Structures are given as structure tokens and as C-alpha cells.
Amino acid sequence: MEPLQFEQIYRNESRKVFATLVRLLGDFDLAEEGTHEAFAAAMQHWPEQGTPANTTSWLISAGRFKVVDMLRRRARMSELQPELVRRISEIEASNQSMADQDIQDDRLRLIFTCCHPAIDPKVQVPLTLREVCGLTTEEIAHAYLMTPSSMAQRIVRGKAKIRDARIPYVIPSLNDLPERLDPVLSVIYLVFNEGYSASSGESLTRVDLSDEAIRLARLLVELLPDPEAAGLLALMLLHESRRAARVNCVGDIVLLEDQDRTLWNQGFIAEGKRLVEHALRSRRFGVYTIQAAISAVHADAKLPSETDWAQIVALYDVLMRADASPVVELNRAVAIAMRDDIASGLSIIDAILSRGELQDYYLAHSARGEFLRRLGKNAEAKSAFATALSLAKQEPEQRFLRQKLSSINAT
Amino acid sequence: MKYILLIYSEEGVWPPDELEVARDESVQLCHKLSEQGQYLGAAPLHPVSTATCVRVRDGNRTVSDGPYAETKEQLAGYFLIDVADLDEAIGVAARIPGTTHGTTEIRPIVELPGLP
């Protein structure tokens, strides 16, 4: 067997094997050891005996036998602690039944466990990346600009909560599914946004985060036919389709209307649109699906001037009814400005700000500045962009706003 | 797995007639839990005006009036249950009448060996 082939099997199988071992062993750390041991055994046996027909079940059996052996050794050393003996017999009993469907479902169980509402949301994200996606603690720490030791602490805290509070390793009942699916979707979307919003410096690793989020959502859609999960996958694919166009060669932000639309990834767009249509037809969709539908309308326009703004405003109206927030209202104001006229959009933004909302949100001031500039009110536009600049946190955002300011000065 | 469900609420938040109904419902819940072998104990507590705190430092005992912490929401009662996992404990907590007026904290119990 080629090392490359083995690496491929490891990449495809290791998280499946781990997820099933978590169910069989009821312990994350033992499952991690078992997975490790199983692949070590495979590396030793497969080149001599050939690759087994069903690699997944071979690896799971090997992992579980190794762990049972290890527990037996520990039990002997600790004079057969009753707890360990009970565990061994439990493992052996549960090993009797191991259907393929169970193995599929195990990854889904693992996602629901890591995103259980009883776990701190700050811990859900790294725990999912570590246990479900198999990223190393160092990789996660790097992506979130934290030290590996503090990231490790979060992950350990999550695993301890699962173990000590006995968070079950199950797929929630249909009754509980809506409540339980929400945090899963929001963890996936957080991971995606962390990867998508970064546009310099750490960009390489952060692109991987977006890929991981899309992979997780694909897994979810494959295992759990829920329209909103499909809507989330569609939303991420449609955003991702514009990655090459949204930043230019020197790392500057390129706004949607200025993007070179030939750079958009048509494969992602087609897949995203298919998923949106499917989710919308179900009539059980939510906010991710509506946002994906908005993104799909943009994707349909070959030129910015061909954008169906009336459709976009209508979708924002639906979104406002489903989940009203000042940010949604701001986006709707921009769509109204494009459908009707700039002044109508501006008056909505002014109304939001005068209510005291979005005062710290740089995009509200940036949109306001742009509208004022287009209306020829340069002095007011400058002060709005200056406010936006003082609030923007990322380098490319600040560069974009500085360019806006200097272009007004030049006129 | 044993859990204690600690019910926290603001004192006086229950109108007297509703409190009586809530207590009846709690008793019924205890019977249902008991039928499923999940009941270990439960009780409402007298208000914190009856609370007494004791500390022993260097062998000296200090006794004082009042609850451990002066907070708006106080421990008002508890359920001690034996269920399969946290999801079942959450299910029981959601059925406790006190949870509708306050917050129920679920704490897994450490089972010490060699207890009477």
C-alpha cells in the first residue's frame, strides 16, 4: 500500500472511526486513543495482509479491541476496579450490534453532543472543530488567534462537561430537533464566518475554516434532511463562490457591485441555488435559507445593473418578519436605496441610528457615508466615513475607508 | 446518574393561591418520577428570613442570621433525581412548576463510596 493511499484512508475514515468509538466507549479520550491505536495496527497489518474490504469496520473493531485490552490491563493493575470491569462488559455488549447505519449516525450524534446547549457557546465551536472535524488544538488556536494552552483549556472544559454532567450521545428526538439544531447551525456558521471575514495575515488557515464549515454542513445535510440545514449550506456556498472576487491582488476589499463577476465560482452558485430552491419548496425554512435566497438573486445578475432589487427588498421583508434586527434593517435600507432612490435608503439608516442602534457598527456609518457622497453632500459623507474608520477593526476595512475619504477630498 | 435540581426564584413572586396549585403539581410530579424509579427526594424551603449560616475557623464557631448570599433570586427548593443523562434531567427540570417563575440549576452529584 502506498503511503499516499493510507493518508487518504486516514483522512476519510479517522473521524468516522472516532465518532463510533465515542459511542461504543462513552469517553472522548479513550476513543481518541482507540482511533490512534487502530491506525497504528492498520499500518502494521494492511501492507502484509492486504487492505480489508470494509476499512471502517476493520478500524473500529481494532480500536475497540485495543481499548478493551488497555482497560483490562488497567483493571488488573487497580485490582479490578468494579467501574472498569462494568465498562469493559458494557463495551463488549454494545459491540454485538454495529450496523452501518449506526456508524453513519455516529458523526451526527457527535455534532449534537459538541453543540449541546448545556455547553458554553464559546466552547462549542472549538470542541466541534477538534472532535468532529479532527483539527488539532494548535490549528484551532492559530485560527482564533489564541494560545494553544488557552484553547486546550476550553476543549478540556467541554469534554469534562460532557463526561461529568453526562450529556448523552444521541440524535435528538424529532420533538427536540428544532431547539437542538439551532446551536449546531450557528456553530457551523460561526466557523464559516471566522474563515470568510479574515482577508489578510492569517488568511491561509482561515480559508480552511470556511472549508471545514462547508464540509460540516454537507455532512449534516447528507445525514439529516432538514431544509434549514440545506439553506445554511446554500448560504455558505453562495458566499464562498465570490471569494476570488471580493479581494483584489493587493488584499483590498472589492464591493459586490465592483466585483469581476466572471471570477465567481459557477459550480458553487449552481449547487447553492439548487439547495435554496429545495429548502424554499419545503416551506419549513428559516433565516439562513432566506439569506441564501437573497444571495442567489445577486448571483443571478450578470451585471450589477441587472440585479432584481425588488425581489431582494421582498426577501428582506420576509427576513424582517422572521427575525427582525437592526442589521437586517440596515441591509434592507441599502436594497431600498437601490430599488427606489438613495434618499429613501438614507432616511431609513438615519432612523436606525437616531434610535441609538448600530452606533458602533462601522458598516452602518460606511453605508451612510456612501449614500451622502452619492447625493453630493461631501462634508457629511466625510464625517460619516471618519466615524466608520474609527470603528473598523480589520486592516482591509480601514484601508477601504481611507480610500473613500481621500477620494472625497480629491473631488 | 443522580442530579440535584436547585430551584431559584424571587421570594414572593408566587401569589398564595397559585403557590398552592404549584405545590400540588410538584407532589404529583414526585409521584410520577417515583413510578419510574427516578425520585430520591424533593422539598420547598422556608424563606431566607429563616436562614442561618455557620462557619468554623480555627476551631471557632460563628453563627449568623441570613442566607449565604444576599441575591435577588434565592434557593427556593430542590429535587433529587436519578435519571439516565442530562437530557432527561433537563426534561424533569422543565416540568417543575418552580421553573416557570425562576431558574432551575442542574448539578450532577458525585457519588462517594462507603456512604450509609
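Two residues are taken to be in contact if their C-beta atoms, placed from the backbone, lie within 7 Å. Among contacts in chain B between residues at least 6 apart in sequence, 73% link residues at least 24 apart. The model is predicted, so that local features need pLDDT of at least 70 and side-chain atom pairs count only at pLDDT 80 or more, while totals for chains, interfaces and linings use all residues. Residues are numbered from 1 along each chain as its sequence is written, and chains are lettered from A and ligands numbered from 1 in the order in which they are written.

Chain B contains two helices and six strands (DSSP runs numbered from the N terminus, helices being H or I of at least four residues and strands E of at least two). Their order from the N terminus is β-α-β-β-β-β-α-β. The C-alpha trace of chain B spans about 45 × 45 × 20 Å along its principal axes.

Strands are paired if DSSP finds at least two bridges between them. Strand β5 (residues 73–82) of chain B pairs in the antiparallel sense with strand β1 (residues 2–10) of chain B over nine bridges, B:Gly77 being the bridge partner of B:Ile7. With strand β2 (residues 39–44) of chain B, β5(B) forms an antiparallel pairing over five bridges, in which B:Phe79 stands opposite B:Ala42.

Five residues of chain B are in contact with six residues of chain A. The chain B side comprises three nonpolar, no polar and two charged residues (nonpolar: Ala, Val, Leu, Ile, Met, Phe, Trp, Tyr, Cys and Pro; charged: Asp, Glu, Lys and Arg; polar: the others, Gly among them).
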